[in-house]
Amino acid sequence: MTAQLPARKPARPFFSSGPCAKPPGYAPDKLATESLGRSHRAKIGKTRLQYCIDLMREVLQLPETHRIGIVPGSDTGAFEMAMWTMLGARPVTTLAWESFGEGWVTDAAKQLKLDPTILRADYGQIPDLSAIDWSHDVLFTWNGTTSGVRVPNADFIPADREGLSFADATSAVFAYDIDWSKIDVATFSWQKVLGGEGGHGVLILGPRAVERLETHTPAWPLPKVFRLVSKGKLAEGVFKGETINTPSMLAVEDAIFALEWAKGLGGLEGLKARSDANAAALDTIVAERSWLSHLCADPAIRSKTSVCLSVEGADADFIKTFAGLLEKQGAAYDVAGYRDAPPGLRIWCGATVNAEDIAALGPWLDWAYATARAG
């Protein structure tokens, strides 16, 4: 016999870990559209791009020492742009505890052939951060989207480091406090905590990264979309709304909507509070169920955004059935774990999700678990 359907569904059953739920109250007809159909190099386009950059700086509480650029290719494009333009001057250490970190390992080892030092950990765990040699350039993900594991803070990065710190922060910005004095390069995309559209990345450069760009010439060819230097100097226009290639102004306006929404919450503090409340609501659900557990057992390094869960006795087929049942009922969309991760669930708890929808998810998880087992 199939378990009885719960009475109440989440009002917004969008729990995907990327692209993530749009901000509450979002609707396409609320976007400003005056820049659409205009050149991004016209005054209106450059003004809106600069406004988007200014809003990101304000909400992130990013110091003036750091530049912000909008670049092609989402977070992946931004991070690979940083790798291709800046690596090679020093030895490299790469950290990997999930699939995206492994992607940077592959780039460093097989594409750029840098013979990096690789510090790995299994899904749900994190490498020994004290083992990092900071005379190297160091690549890491701040929050592992596919493993539910994050670095606890920036204390492991020394102020007197010789190498550069490269942080893939796409699931971390707008959700955690980040000590920007410890970050030389950070990348993210709007499609995570802001619930923005994909296709565009954001590249943040600290002064040490700019120095590297202006003093180091890579040994390999650079495609046009990666070039950040002109005649030995940083292409400053990239960080003032003059994008390397043609951006989608619709995606930019979508990001502006999300950033203005975030500002209305009180900025970073408001976003963090919402994410914390969502993660706490999911923690309650997990604690009340013997068959459900966190993939990351240590709360100090457990993600508050992309929360990965283990389901007792589940294999990939069971999870596919489980997630499919929820989607068919319109109770939860896109909650299966990442394809390279251990079979399980992944619930996005970033700021664009409402805590009451997380709470309403609990009975539906019970129903889907019982139904999948009965099947």
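Mentor: Before we start, two strands count as paired if DSSP finds at least two bridges between them, and a strand is a DSSP run of E with at least two residues, numbered from the N terminus. This is a predicted model, in which local features need pLDDT of at least 70 and side-chain atom pairs count only at pLDDT 80 or more, while totals for chains, interfaces and linings use all residues. Residues are numbered from 1 along each chain as its sequence is written, and side-chain values use heavy atoms, with hydrogens and water left out.

Trainee: OK, what order do the seven strands of the open sheet take?

Mentor: The order is E1-E9-E8-E7-E4-E2-E3, and the pairing is mixed.

Trainee: And which strands stand at the edges?

Mentor: Those are E1 (67-72) and E3 (117-120), and because each has a single partner strand, one side of each is left without a neighbour in the sheet.

Trainee: How many bridges join E4 to E7?

Mentor: Four bridges link E4 (residues 137-141) with E7 (residues 165-168), and these two strands run parallel; within E7, aspartate 168 is the bridge partner of threonine 141.

Trainee: Switching topic, is asparagine 143 buried or exposed?

Mentor: Asparagine 143, which lies in strand E5 (residues 143-144), counts as buried because its relative accessibility is 3%, where buried means under 20%, exposed over 50% and partly exposed in between (1.4 Å probe, protein chains only).
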